[in-house]
Structures are given as C-alpha cells and as structure tokens.
Amino acid sequence: MNKNYITLGEFIISNQQDFKYSSGELSKLINSIRLAAKIVNHEVNKAGLVDIVGAAGETNIQGEDQQKLDVYANDVFKSALIKREIVCGITSEEEDDFITVEGKYNAHDNKYVVLIDPLDGSSNIDVNVSVGTIFSIYRRTTPQGMPVKKEDFLQKGSEQVAAGYIVFGTSTMLVYTTGNGVNGFTLNPAIGSFYLSHPNMTFPERGSIFSINQGNYAHFPKGVKDYIKYCQEEKEDRPYAYRYIGSMVSDFHRNMIKGGIYIYPTNSKAPKGKLRLLYECNPMAFLTEQAGGKATDGYTRILDIQPTELHERAPIFCGSLKMVEKAEAFMQKYKEN
Ligand code: AHM
Ligand code: MG
C-alpha cells in the first residue's frame, strides 16, 4: 500500500499484534493521545490570535482569563486519558504529584501509566516558534485492581512500552515508538487525520549539527567545553553547523532527520541539568535508541538510570551514534571519581 494513504488509526490497528501485552489497551491509549494532539494543535495554531479574538469579545464570554497554553494542553491530555479511563495513573510536568485515575469502569484495573510533558518549550509560543508534547508509557508494576503507586512511575526508561512526541511546527507531526522502530505521522489539518509520512525514522550515524545553549558555556563541565571546541574545529567534516531552537522536541526532530546531537548538560548553576528524566529525557532516549542513535547523561545510558523522584532532572546527550560517542569520550576524560 502507498505509505501516503496509511492513517495513524490504521497503522495502530495493523501493528497491534507487535505490542508485548496486546489486549487493545495500548492501542486505545495511543488513540486518545492522537485525539488530544489534534485538540491542542487547534489551540496552538491560533495562539497569536488570542489578543485579537479576545478584544473582539468572541472568546471568554464568561469573562474568564485566557488560559496559558501549557495549562490548557495539560487539561486536554488529562481529560482525554481520564474520561476514557484507559490508564491507571498519570504524571505530568504541570502537576506536583501523580494522578490516580478513578471512575465508573474500574480504572484501577488498567495496566498502563502515562508520563507527559504537555507542552514543552512553551515560552516559544509567544514568538511563533515550534513547541511539542512528549509522552512516555509504562506497564504498572503494582498489581492491577489497586490504586496506582509512585513506584509505578519510578521505573527505569528501559522498561518503557511506548514513547513519542508531537511537534507543532510548520506542520504538526506525531512521532512514536512501541519498541519496533520509530514512525512519524503528519497531520492533514483539512481532514483532521494523521498520515504515515516518515516510516522507520533513523538518525544518520554521523551527523553534522550540534544543539546546545552556548549562553551557559562558562558554567559547562570541561568535557562539554572541549566537545564544543571539537565541533567548531576546521578539520575533516567539521566545523559542524550550530542550531539551537530552545524547544527540545523541535531540535531533536530536526537532528533525527538531518543528523545531529542535542545536549543539555549539567552546569554549575544547574548541577543536575534542566530537563526532567521521566517525561523529557527517558522518552527521547527511547526514541533515540529505536532510531539507531545513542542517549547518555555523559557517563551512563539514560535508559539505565534508576529514578527516585517524579520530577528529577538529568543531563542528556542524544542523537547520532558517532557524535554522542565522541561527546561521551570527552566527558569520560574528565570524569571525577
Ligand atoms: P520547559 O519544560 O520549561 O519548557 O523547558 C524545557 C525546554 C526544552 O524544550 C529546551 O530544549 C530547553 O528547555 C531550553 O532551555 P534553555 O533556555 O535553558 O536553553
Ligand atoms: Mg518541559
């Protein structure tokens, strides 16, 4: 069949047998994320119009304040998952504690938990730059039938059943993995359907783009500073191009297609880095490995880190295999014992 005619809905159904614990539950879950993605997409696309529409009195007839988009996205994803009772628990960047899903249909019997960053890079919205949603899915470890516990969320990234992101860019894409490679779907806004546009996405083994906030240069560890110098050297295939959008999903997406490395390291002001292990680093690391790349905190595979807190941070280097190996070698050189 022509790949252009496969919708995400059809793809989910035809790949259901690949899921480890196939009972249709994971398919329903991904379908709910697909629906929430379309709703958030609609709102993100008109973000710049909010003041104009608001001033004309066409919105907010109840006189309510316009909700911030990241809070809005959180509500949309939460209600898509909670109202359909297809998960037993949710952890979100926007919530201090995890949410136990309760309801009419024995939500405690559900197998899966979702961890989500509903709108990452949301400070970019005001300036019309791409943002994204990141999600990670695990099978619970505590027995079904009981309320979910914190330990169900504190699993190593290697235990993920599925992970993905939605990038709200020049077009909107949903990219995800269930452990059988990475596939990307582009939204046709006229019809409201996602179509398989990027089957079997892989990182080129050697890339030529590096992405890191060099404004923090003075505070970076020596290994990172040396790696940046290496990227800038006039040698062989270098200097590499420097590209940093400041929206992880967008930087990652470009690097996966073109070949590159994304780094958010520790720095003396943020000793554990900035990004969150559970719903930023882990899902991106799972996608990275599924796309043939590598993801590390500089010394350890991201997916092997044992989390201890829901919102803990971790440094991350992810992207094209050879680039990440090189950056890790620089980090190892100055490793403090
Ligand atoms: P957020 O979760 O508060 O939106 O922060 C995460 C974002 C990433 O998308 C992005 O890569 C990074 O923060 C940019 O941070 P900085 O401005 O420090 O470079
Ligand atoms: Mg975030």
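Me: Which residues make up domain 1 and domain 2 of the protein chain?
Reply: The model is a predicted one, and its chain has been given a domain assignment that names two parts. The C-alpha centres of these parts, domain 1 and domain 2, lie 24 Å apart. The bounds in the assignment are 3–198 for domain 1 and 209–333 for domain 2.

Me: What area is buried between domain 1 and domain 2?
Reply: The two domains touch through 47 residues of domain 1 and 31 residues of domain 2. The size of an interface is often given as the accessible area lost when the parts come together. Carbon and sulfur atoms give 65% of that area here, and the total buried between domain 1 and domain 2 is about 2800 Å².

Me: Which residues of domain 1 lose the most area to domain 2?
Reply: Taken together, three residues account for 21% of what the domain 1 side buries. Those that lose the most area to domain 2 are Ile-134, Leu-154 and Tyr-165.

Me: Which residues form the salt bridge between domain 1 and domain 2?
Reply: The count between the two domains is one salt bridge, and a salt bridge needs a side-chain nitrogen of Lys or Arg within 4 Å of a carboxyl oxygen of Asp or Glu. The closest N and O atoms of the pair are 3.6 Å apart, and the partners are Lys-150 and Glu-309.

Me: Which strand gives the most to the side of domain 1 that touches domain 2?
Reply: Across this interface, eleven residue pairs are found in polar contact. On the domain 1 side, at least two residues each come from strands S1 (89–92), S3 (112–120), S4 (131–139), S5 (162–168) and S6 (172–177). With seven residues, the strand that gives the most is S4.

Me: Which residues are the protein donors of the magnesium ion (ligand 2)?
Reply: Along the chain, the donors follow the spacing E-x23-D-x2-D-x159-E. Glu-93 lies in the loop between S1 and strand S2 (99–100) while Asp-120 is in strand S3, so this pair ties together parts that are 27 residues apart in sequence. Lying 1.9 to 2.5 Å from the ion, the protein donors are Glu-93, Asp-117, Asp-120 and Glu-280.

Me: Where is Pro-239 placed, and which residue does a cis peptide bond join to Pro-239?
Reply: Pro-239 has its place in the loop between helix H5 (222–232) and strand S10 (241–242). The cis peptide bond has an omega of about 10 degrees, and the residue that it joins to Pro-239 is Arg-238.

Conventions. Residues are numbered from 1 along each chain as its sequence is written. Chains are lettered from A and ligands numbered from 1 in the order in which they are written. This is a predicted model: local features need pLDDT of at least 70, side-chain atom pairs count only at pLDDT 80 or more; totals for chains, interfaces and linings use all residues. Side-chain values use heavy atoms; hydrogens and water are left out. Domain bounds come from an automatic or database domain assignment. Contact means heavy atoms within 4.5 Å. Buried area is the accessible area (1.4 Å probe) that two parts lose on being put together, summed over both. A polar contact is a pair of N or O atoms within 3.5 Å; within protein, one must be able to donate a hydrogen and the other to accept it, and residues adjacent in sequence count only if both atoms are side-chain atoms. Helices (H or I, at least four residues) and strands (E, at least two) are DSSP runs, numbered from the N terminus. Donors are N, O and S atoms within 2.8 Å of the metal (3.2 Å for Na, K and Ca); water is not among the atoms, so sites may look incomplete.
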